[in-house]
Amino acid sequence: LVCFGVSAFLALRMPVLMGNDEGAHLLYAASVLDGHLPEFTTDHGANDRLPIIDRALGQPPREDTRGVWVAYHPPLAYPVSAPFVWAAGELGPDTWPPLAMRAVNAAAMATGVVFAGLFATEAFPTRRRVGFAAACLTAVVPSVAAVGAAGHNDGLAFALSAASLWVAASVIRRGPTRHLLVAACGLAAADMLARVSMAPSVALLAGAVLLGGLAQRSRKGATARALGGALAVGASALVASGWFYWRNYQLYGSFFSAPHPGGGRPSPGSLSDILTRSRFHRDIWGQLYASVHPRLVFDRADYVLIALASVLALGLVLAIWRRRRAVPGTAAASGHGDGACAADPPPGAPADGIGALGWALVGCACAAIVIQTASFHSQGGGAHSRYLLGIVPVVSALLARAIDEFPWPRLALGVVVAGLGGVLVSELRLFPALIASPDHVHPFDDPAVGAGARAAPVVLALTAAAVSIWVAVKLDRRP
């Protein structure tokens, strides 16, 4: 609710169609309402449903604006948004449909925050507070809240990527049970119908089924079932989405992308050049954790990244130190009491979740996300931080686990969350200046709604934050 409240506030504060490509995504949803998939060259008349598009383009609209250049995106997000877009168009003024797209995206992003917490709970099952802490950390990542405020398909992709992490961790720990295998196959299909950049999540699910199945190799036929399950996950994604990517190839000569992903911009270098360029990593991670807009990067973004890295490093040092202690038992036995240091797992409890091979698999999926982002950038595309959103649940889980090793972990969690929240609030305060800037061109200048309506999500976010603080204080850290 904190994430949704912040995203909803920003969605109502921004003028409609201010976000890049919001009009194109809205036209995609309207085309789906008309029973068509749009193309680069035509929206099949979907703009007739959306007077706001013509107002944004000017009267009369040019013929070259009738296409939907995001038509190469898979369609799943748009049938989800279409009923809300239709209802908004029927019940309110022409500014409501784009606000409906934003609301659906914000709700999906907030759902992803929940799945991020569930992934951390599954990854670290002996640490009771880690899941809640990971959700809190994810909710205040500036890019998570900011991307959720736009009328795009990123919210659904984030929710699906976080859900895929959760299911993958569950499969690794419990093996590919019937229900988990069905969930993995369904998510793999949904992933590739949401965004092509979700391919690492499909590979993660297939690898998790294989790894979880092989862990039960003492059972007869376990290896065959593991291989069959992994193939079933891949086949589900292919059967569900293959038709769309073949359609892309037939129409545009490319399975996965627009003919000119960089819009004619020159390549900044080869893939290897970009991956070895420190500025690429510093800029994109800085935007992810210290920015709500590429033009509003926090001027101390490097310090934010250093602080987060320090939390991870210190948590690792404390974990190693604790495991080398000669005195076993609980925190009370060590003389700290009441969770001053994390309790040792009870005898027979599972190790920290998914094990070394599981974390290696998750790490490979995260590396694939970085590589495909760098590949897109090498073709002239933008190095947008939202392309790394699928990594955020993993980072949040590791941060939460590190914080759980700290003395006074509740206080440490509060400091880290407050720090990220402070960066988020400081960025939001600069947004009116960005809207008024002559360097940022957008079709409308006024906020989407009045100040009274914008106050409602602020109250929601503050109330949810207060409840979260109460939960953090009351939640026991014992396994």
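A salt bridge here is a side-chain nitrogen of Lys or Arg within 4 Å of a carboxyl oxygen of Asp or Glu. The model is predicted, so local features need pLDDT of at least 70 and side-chain atom pairs count only at pLDDT 80 or more, while totals for chains, interfaces and linings use all residues. Residues are numbered from 1 along each chain as its sequence is written, and side-chain values use heavy atoms, with hydrogens and water left out.

**Whole chain**

Start with a cartoon view. The chain has 19 helices and 0 strands; helices (H or I, at least four residues) and strands (E, at least two) are DSSP runs, numbered from the N terminus. Of the 479 residues, 52% are buried. Buried means under 20% relative accessible area, exposed over 50%, and partly exposed in between, with a 1.4 Å probe and protein chains only. Switch to a surface: the chain exposes about 21300 Å², and carbon and sulfur atoms supply 66% of that area. Accessible areas come from the Shrake-Rupley method with a 1.4 Å probe; for residues, only the protein chains shown count as cover. Among contacts (heavy atoms within 4.5 Å) with a separation of 6 or more, 79% are between residues 24 or more positions apart.

**Salt bridges**

The chain has 10 salt bridges. Select Glu 22 and Arg 102, whose closest N and O atoms are 2.8 Å apart. Glu 22 is in helix α2 and Arg 102 in helix α5 (residues 96–123), 80 residues apart. Both Glu 22 and Arg 102 are buried.

Next, select Arg 386 and Asp 154, a salt bridge of 3.5 Å from N to O. Arg 386 sits in the loop between α15 and α16, Asp 154 in helix α8, and 232 residues separate them. Arg 386 is partly exposed at 22% relative accessibility, whereas Asp 154 is buried at 5%.

Then go to Glu 405 and Arg 322, which meet at 3.8 Å, N to O. Glu 405 belongs to the loop between α16 and α17, and Arg 322 to helix α14 (residues 301–323), 83 residues apart. Glu 405 is buried, with a relative accessible area of 1%; Arg 322 is buried too, at 9%.

**Helix α15**

Select residues 355–378. This is helix α15, with 24 residues, reaching 35 Å from its first C-alpha to its last, close to the 34 Å expected at 1.5 Å a residue. The expected span is 1.5 Å times one less than the number of residues. Buried residues of α15 include Gly 358, Leu 361, Val 362, Ala 365 and Cys 366. Show what surrounds them: the buried residues of α15 pack against α8 (154–174), α10 (199–214), α12 (271–275), α13 (278–290) and α16 (392–403). Past the end of α15, look for Gly 380, which has a positive phi near 105°.

**Helix α19 and Arg 13**

Move to residues 451–474, helix α19, whose end C-alpha atoms are 35 Å apart, in agreement with the 34 Å that its 24 residues should span. Arg 454, Pro 457, Ala 461, Ala 464 and Ala 472 are buried in α19. Their cover includes α1 (2–13), α6 (130–139) and α17 (409–429).

Now pick Arg 13 in helix α1. Arg 13 is buried, at 16% relative accessibility. Leaving aside neighbours within four places in sequence, Arg 13 is in contact with Pro 432, Ile 435, Pro 447, Ala 448 and Arg 454.

**Aromatic rings**

The structure holds 12 aromatic pairs. Rings of Phe, Tyr and Trp (its six-membered ring) pair if their centres lie within 6.5 Å; planes under 30 degrees apart count as stacked, over 60 as edge-to-face and the rest as tilted. Select Phe 40 and Tyr 72: the ring centres are 6.2 Å apart and the planes at 50°, so the pair is tilted. Phe 40 lies in the loop between α2 (22–33) and α3 (51–57), and Tyr 72 in the loop between α3 and α4 (77–91). Both Phe 40 and Tyr 72 are buried.
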